[in-house]
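I opened this notebook to record what I looked up in one structure.

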Amino acid sequence: MTTLPQDTTALVTGATSGIGQACAERLLRDGARVVAVGRRADRLAALADRLGPRLHPLALDVTDRAAVEAALASLPEPFGALDVLVNSAGMALGLQPVHRTSLEDWDRMIETNCRALVTLCRLVLPGMVARGRGHVVNIGSVAGSYPYPGGNVYGASKAFVRQFSLAIRSDLLGTPGRVTNVEPGMVET
């Protein structure tokens, strides 16, 4: 078990299932306070009931920039000063080849896997840099490096996550901020 610095606060997107939920649970076990973000309020409430008061449930669609800005600005103490951001919200929709796929599925994946991640990084990083500590963990995918049939926009969005993570690292040179891009393979979620 890892012990995090005292008073560490993390925000985890996609916390209602899968990797996001596992990250929220692990951060809590390691001593952090966690803002658990997800669209499904019922699952967040059950998570908060199970994990206790160090978890702040936040029902939020991360693709709604105005709602994200408002939610971050109104986080209660002691959850407002974020030290860790885990961008785990993401989706893989459809397995059709590019010439038969749904443009709506593509839009949803780009909005969630790319635009929401970029927005959260931009909104959270200034506070981390100002406080002199912070770690962004972006959940990419092996599909960002190794395409598979039908994984066209999903793989491209995860390649974007890898490149954006590398770019953030470059921008944070000279600060104590850290960026990690985790690229899991297929998981059961």
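My entries follow, beginning with the conventions.

**Conventions.** I worked from a predicted model, in which local features need pLDDT of at least 70, side-chain atom pairs count only at pLDDT 80 or more, and totals for chains, interfaces and linings use all residues. Residues are numbered from 1 along each chain as its sequence is written, and side-chain values use heavy atoms, with hydrogens and water left out.

**Strands.** I took helices (H or I, at least four residues) and strands (E, at least two) as DSSP runs numbered from the N terminus. I counted two strands as paired if DSSP finds at least two bridges between them. Strand 1 (residues 9–12) runs parallel to strand 2, with four bridges joining them; T9 has R33 as its bridge partner in strand 2.

**Burial.** I used relative accessible area from the Shrake-Rupley method with a 1.4 Å probe, with only the protein chains shown counting as cover: buried is under 20%, exposed is over 50%, and partly exposed is in between. In strand 2, R33, V35 and V37 point one way and V34, A36 and G38 the other, and all are buried. Strand 4 (residues 84–87) is covered on both faces, V84 and V86 being buried on one side and L85 and N87 on the other.

**Salt bridges.** My criterion was a side-chain nitrogen of Lys or Arg within 4 Å of a carboxyl oxygen of Asp or Glu. I noted six salt bridges by this rule. One of them joins E25 and R50, with the closest N and O atoms 2.5 Å apart. E25 lies in helix 1 (residues 18–29) and R50 in helix 2, so this pair ties together parts that are 25 residues apart in sequence. R26 bridges to D30 at 3.0 Å; R26 is partly exposed at 36%, whereas D30 is buried at 8%. E69 and R65 meet at 3.6 Å, N to O, and both lie in helix 3, four residues apart, about one turn of the helix.

**Peptide bond.** Which bond is cis? I found a cis peptide bond between E77 and P78, with omega about 5°. P78 sits in the loop between helix 3 (65–73) and strand 4. Most peptide bonds are trans.

Technical notes
Buried < 20%, exposed > 50% of the residue type's maximum accessible area, 1.4 Å probe, protein only.
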